[in-house]
Amino acid sequence: MIDVHCHIDFPEYDDIRTDLINKTKKNLSLIVNSGTNFEGNNRVLDLQKKYPKFIKTTLGYHPLTSVKDDRKTIEETKKQIVNNLDYTQAIGEFGLDFFKQEDLKEIKKQYLIFEEMLNLASEYDMPVILHVRQAEKQAVEILEKYPSIPEVILHCYSGNVTTARQAIDNGYYLSFATLAITSKKHQKLLKKLPLTNILTETDSPYLSPVKDELNEPSNISQTIELISKINELDIEEVDKITEKNAKKALKL
């Protein structure tokens, strides 16, 4: 099993990180730890150096962070990502987040930075992991202008089935978090989409299958079990398919 998107560098794990990683190594093949800003990218790089065979990284710039930053910080973060491409599987997470967003200037800035990051990925031939919340349709339409990006992952997909199918037709991957364990919307999506383009993640420490409990990468097993029930397949078969997808999407 592979958790293609988590944040074990976050402070929520500061007191338990070593024990958590040791526990996770017993259950998963590897995990992909995703950066969200300049400081976070440094943290995920440090963790990868400590656990090079088990922790892989992506370097990103979360839209709710980047939209608040000045141009100097934006350029420094982009430069940081480029300088460390040899240590990352993809650029991400970055994207669009229109949840409760009503500031037109910030929406415009999100679009601007989104395309800047896509241009970066296109220039350096890097896969992308995208955070697109209540902006799935807009993101997919923009992505179609960047056919040279080798692989696209829509992290924690929560859009509708029409956009999901459009994304899959384009060859993109949809990653489903442990949120699907309790979400009927996500379960309905999983019933209608082919396993060939599905990935599994936890988005730890968020989206725990147990309310008010810290999420962890090992909980990916519950998502695998859910998908196996929905598709009436053995757990081992679903694990094999989703792990193969992850390795192809992120060159693992």
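Predicted model: local features only at pLDDT ≥ 70, side-chain atom pairs only at ≥ 80, totals over all residues.

Residues are numbered from 1 along each chain as its sequence is written, and side-chain values use heavy atoms, with hydrogens and water left out.

How far is the sulfur of Cys6 from the closest cysteine sulfur? The gap to the sulfur in Cys156 is 13 Å, too far for a bond. A disulfide here is a pair of cysteine sulfur atoms within 2.5 Å, and the structure holds zero of them. Cys156 is buried too, with a relative accessible area of 16%.

Next, jump to Tyr51, in the loop between helix H2 (38–50) and strand E3 (55–59). Those labels are DSSP runs numbered from the N terminus: helices are H or I with at least four residues, strands are E with at least two. Is Tyr51 buried or exposed? It's buried, with a relative accessible area of 12%. Show its surroundings and, leaving out residues up to four places away in sequence, you'll find that Tyr51 touches Thr18 and Ile21 (contact means heavy atoms within 4.5 Å). For a distance check, draw a line from Tyr51 to Val128: they are 77 residues apart in sequence and 22 Å apart in space, C-alpha to C-alpha.

Time for some backbone geometry. Most residues other than glycine have a negative phi, and most peptide bonds are trans. Here are some places to look with that in mind.

- Select Gly92 and Glu93: the peptide bond from Gly92 to Glu93 is cis, with omega near 15°. Glu93 belongs to strand E4 (residues 90–97).
- Move to Ser204 and Pro205, where the peptide bond is also cis, with omega near 10°. Pro205 sits in the loop between strand E8 (198–200) and H9.
- Stay in that loop between E8 and H9 for Asp203. Its phi is near 60°, a positive value in a residue other than glycine, and at 9% relative accessibility Asp203 counts as buried.
- Then pick Glu232, in the loop between H9 and helix H10 (235–250). Phi of Glu232 is near 55°, again positive in a residue other than glycine. Glu232 counts as exposed, at 73% relative accessibility.

Now for the helices. Select H8 (residues 184–192) and H9 (residues 220–231): they pack at an angle of about 55°, with their axes 9 Å apart. Axes are lines fitted to C-alpha atoms, for helices over the stretch in contact, and angles run from 0 to 180 degrees between N-to-C directions. H8 and H9 are therefore oblique to each other; angles under 35 degrees count as roughly parallel, over 145 as roughly antiparallel, 65 to 115 as roughly perpendicular, and the rest as oblique.

What angle do the axes of H9 and H10 cross at? Roughly 110°, coming within 8 Å, and H9 and H10 are therefore roughly perpendicular to each other.

For the last stop, click Glu236 in helix H10. Glu236 is exposed, with a relative accessible area of 59%. Draw one more line, from Glu236 to Ile224: the two are twelve residues apart in sequence and 8.8 Å apart in space, C-alpha to C-alpha.

How values were computed. Buried < 20%, exposed > 50% of the residue type's maximum accessible area, 1.4 Å probe, protein only.
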